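These are my notebook entries on one structure. I set down what I looked up, entry by entry.

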Amino acid sequence: MPQGSVLGPLLFLLYIKDLPKIINKTSTPIIFANDTSILFAHPKLIDLSKNIQVIFTTLNKWRRANQLSLNFNKTNYVNFTTKRNMTTNLEIGFNNKFINNSSYTKLLGVTIDNTLSWKNHIDLLVKKLCTSCYILRNAKTYMSASALKMIYYTFFHSAMNYGIMFWGNSSHSPMIFRLQKKEIRIMEGCGNRSSCRNLFKKLEILTLMSQYILSLLMFVVQMKKYFLTDNESHNMDTRQRNDLHLPQANLTIYQRGAQYLGIKIFNNLPLEIKIVADNQKKFKRELKKFLCSHTFYTMEEYLTHS
């Protein structure tokens, strides 16, 4: 089967369809076309290492039985941790060939680093968005306002919006917001120090934070059946019965995650938007209208708005 063919990925998936069944006891396999990721989790490093070695041995037996090879140059492991200075010494391999340790990896176009700071992803995104600014500036002289807006959505918005629900509230995301404001000023022919709040409203373009809120809340609404409401949590009919139950969390990294922050953002919505959450189209329409009219710059602005 030639590389790049339409049937290639499908036939490959059929060929390796039994792989997840043999390694899912102590790990979580994720397979997309010919990319395979295996997730391990354990509070103790020694037990984590043992689980990895057992699965890797099983994987090698399966690989030899199916006449497949492992490309060590394209294989690495990332040790995710909440401690920035934590070092590990995991040796994963066979026949004196070992998988390299990396501080980040790329999964479906999103670069994930070992502390979930999203710095690597945002650094790469900045380079791509700078190209968009260059294109828009050159097109400004020749294009109409509607055409410039189309260019913005084609080159800037599409790249910015990809995976935003993961990195949109990162401490590094203001770099992206500065570039977004630069695009808005170019479109409107304003100076570098001009305020963009009214420009966002005029163009009906969501700020980075508002787009993050929109993407995250649409995820929450689509997965709403997996969330408990306050009413279901304590069987009491209170004024917050439409709110989602916020779990207790001590780690800051968890509090900044999609699940926890998604619940917190949803609960802070105006009541007239929360009560239409079961109708996704209406919810999205009303939410976009609300976000366009407020132009939130930061999460604090949203959580403290009245």
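This is a predicted model: local features need pLDDT of at least 70, side-chain atom pairs count only at pLDDT 80 or more; totals for chains, interfaces and linings use all residues.

I take a residue as buried under 20% relative accessible area, exposed over 50%, and partly exposed in between, with a 1.4 Å probe and protein chains only. I number residues from 1 along each chain as its sequence is written, and side-chain values use heavy atoms, with hydrogens and water left out.

**Entry: Ser170**

I looked up Ser170 and found it in the loop between α6 and α7. I count Ser170 as buried because its relative accessibility is 9%. For contacts I require heavy atoms within 4.5 Å. Not counting residues up to four places away in sequence, Ser170 touches Ser117, Trp118, Ile122 and Arg256.

**Entry: the whole chain**

I read helices (H or I, at least four residues) and strands (E, at least two) as DSSP runs, numbered from the N terminus. The protein chain has 15 helices and 8 strands. Its C-alpha trace spans about 65 × 60 × 45 Å along the principal axes. Of its 306 residues, 38% count as buried. Among contacts between residues at least 6 apart in sequence, 59% join residues at least 24 apart. I also noted the accessible surface, computed by the Shrake-Rupley method with a 1.4 Å probe, where for residues only the protein chains shown count as cover. The total for the chain is about 19,100 Å², and 53% of this belongs to carbon and sulfur atoms.

**Entry: helix α5**

Where does helix α5 bend? I find a bend of about 35° at Tyr153, in a helix that covers residues 145-161. The bend at a residue is the angle between axes fitted to the seven residues ending there and the seven starting there. The buried residues of α5 are Ala147, Leu148, Ile151, Tyr152, Phe156, His157, Ala159 and Met160. These residues pack against α4 (119-139), α6 (164-167), α7 (174-188) and α9 (208-222). Just after α5, I noted that Gly163 takes a positive phi of about 70°.

**Entry: cysteines**

A disulfide is a covalent bond between the sulfur atoms of two cysteines. I searched the whole structure with a cut-off of 2.5 Å between cysteine sulfur atoms, and the search finds 0 disulfides. Cys133 is buried, with a relative accessible area of 4%. For Cys292 the closest cysteine sulfur is in Cys196, at 15 Å, also too far for a bond.

**Entry: salt bridges**

Side chains of opposite charge can pair when their charged atoms come close. I count a salt bridge where a side-chain nitrogen of Lys or Arg is within 4 Å of a carboxyl oxygen of Asp or Glu. By this rule I record 5 salt bridges.

I looked up Asp123 and Lys119, whose closest N and O atoms are 2.9 Å apart in a salt bridge. Both residues lie in helix α4, 4 residues apart, about one turn of the helix. Asp123 is partly exposed at 29% relative accessible area, and Lys119 is partly exposed at 39%.

Glu188 and Lys202 meet in a salt bridge at 2.7 Å, N to O. This pair links distant parts of the chain, with Glu188 in helix α7 and Lys202 in helix α8 (residues 197-203), 14 residues apart. Glu188 counts as partly exposed at 22% relative accessibility, whereas Lys202 counts as exposed at 58%.

Asp243 and Lys274 form a salt bridge at 2.6 Å, N to O. Here too distant parts of the chain are linked: Asp243 is in the loop between α10 (230-234) and α11 (252-255), Lys274 is in helix α13 (residues 271-274), and the two are 31 residues apart. Are these two residues buried or exposed? I find both Asp243 and Lys274 buried.

**Entry: Ile30**

Ile30 lies in strand β1 (residues 28-32). I count Ile30 as partly exposed, at 34% relative accessibility. Leaving aside neighbours within four places in sequence, Ile30 is in contact with Asp35, Thr36, Ser37 and Leu39.
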